[in-house]
Amino acid sequence: MKERHPKNPCSLHGGGDPRSFIEQAVCSISQQVGSDRAVCGLSGGVDSSVAAVLVHRAIGANLTCIFVDNGLLRKGEAEDVEKVFRDHYHMNLVVVDARERFLGKLQGVIDPEKKRKIIGTEFIRVFEEESEKLGHVPYLVQGTLLPDVIESVSSKKPGVKVKSHHNVGGLPEDLRFELVEPLRTLYKDDVRLIGTELGLPDTIVKRQPFPGPGLAVRIIGEVTQERLEVLREADAIVREEIGKLPEADELWQYFAVLPAIRSTGVSDSDRTYSYPIAIRAVKSPDGMSADWARLPYAALEEISRRIVDEVPGVNRVVYDITPKPPATIEWE
Ligand code: XMP
């Protein structure tokens, strides 16, 4: 266990023991929520999953998880979440199909921070609507981590944010829930250790981080159904191919990005004018800084071949070789 904050008793409580962190977290959640009910925005990622299991341990059936299919998820993700949490963990799970609603709100929106705000706000609206159907639910569980908190409030210039991560910075001002954020003092690798200690499967514990605004911040420019389909298919290939490599476990994230340009290509002697796909694969200790992964050329070649062969509308694949800083991990 890393001791990043040896003097901070709230950061894994003295710097070492996931079990005592869990005990203390469960205890303080029970104290905070009491016999009230809570709703959790489950995304299927490690953060919200660990937060949900911790809160479930503390308050049991008084927790209802809401999974919003916002249409901005990766291929197969919605189905996986249902399988794991409803069938395996037997948690109260409500699945909301909000795909058209989100796409409608994002129509014509290009600015990344506006996308984040819209998506964050819409998430909360959906939660409110769904939890109202459940009766009186005063608490909202979120898997907010320490880097989200830091990056949302700090930057080199006072008052200027790097990015407003939606689960911290983009909450609407009239939010009617009180927040339960049991992971606020933790970094990602700590959360994974706690997830393992809680008995969560590797498919969740080792899942790479995925931003709340989802594919919307990996589509540069306007999010449309057509562009979502292109990116989703390309991203599935990137994840499948890199996932086969032994070095995959050492990577923080690997995914596809769809830039807002087209470029010229040639297919069966005809000129094409289609999208490029950028591959982003990074190593990082905590998401605050990152370096691009030196992937084997053979893997990059196979990804490129498969994407241009299998994804209609793509005629070029590029590899992003920029560290953070100066780039960020996500393109938006
Ligand atoms: P950046 O792009 O800022 O990303 O280098 C650092 C880490 O944060 C994730 N990220 C987000 N997570 N909402 C989130 O919940 C967001 O808006 C958001 N933007 C970036 C990113 O995937 C990376 O792991």
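Modeller: Gladly. Keep in mind that this is a predicted model. In its largest nonpolar core there are 46 residues. Val68, Phe127, Ile242, Ile277, Ala281, Leu295 and Ile307 touch the most other members.

Colleague: What makes those residues a nonpolar core?

Modeller: Members must be buried, and their side-chain atoms must link up within 4.5 Å. The 46 residues meet that test, so they count as a core.

Colleague: Which element gives the most to this core?

Modeller: Helix 10, with seven residues. Other elements that give two or more include strand 2 (63–69), helix 6 (112–133) and strand 8 (270–283).

Colleague: Why do you say that this core lies between domain 1 and domain 2?

Modeller: Domain 1 (18–205) and domain 2 (218–319) both give residues to this core, so it lies between them.

Colleague: What does isoleucine 242 contact beyond its neighbours within four places in sequence?

Modeller: Ala248, Leu251, Tyr254, Ile279, Ala281, Leu295 and Ile303. Apart from this core lies another, of 39 residues, among them Val46 and Leu198.

Colleague: Now the largest pocket. How much space lies in it?

Modeller: About 760 Å³. It is lined by 27 residues, and the closest to its centre are Arg192, Asp202, Lys206, Arg207 and Gln208.

Colleague: How do the residues of its lining divide into nonpolar, polar and charged?

Modeller: Eight are nonpolar, six polar and 13 charged. Arg, Lys and Asp count as charged, so Arg192, Asp202, Lys206 and Arg207 belong to the charged group.

Colleague: Why is the largest pocket placed between the domains?

Modeller: Domain 1 and domain 2 both give residues to its lining, so the largest pocket lies between them.

Definitions and conventions. Residues numbered from 1 in each chain as written. Predicted model: local features only at pLDDT ≥ 70, side-chain atom pairs only at ≥ 80, totals over all residues. Heavy atoms only, no water. 1 Å grid on protein atoms, 1.4 Å probe; cavity = no way out; pocket = protein on both sides within 12 Å on 5 of 7 lines; lining within 4 Å. Points joined across faces, edges and corners; volume = space filled by probe spheres on them. Domains from an automatic or database assignment. Buried < 20%, exposed > 50% of the residue type's maximum accessible area, 1.4 Å probe, protein only. Helix = DSSP H or I, 4+ residues; strand = E, 2+ residues; numbered from the N terminus. Contact = heavy atoms within 4.5 Å.
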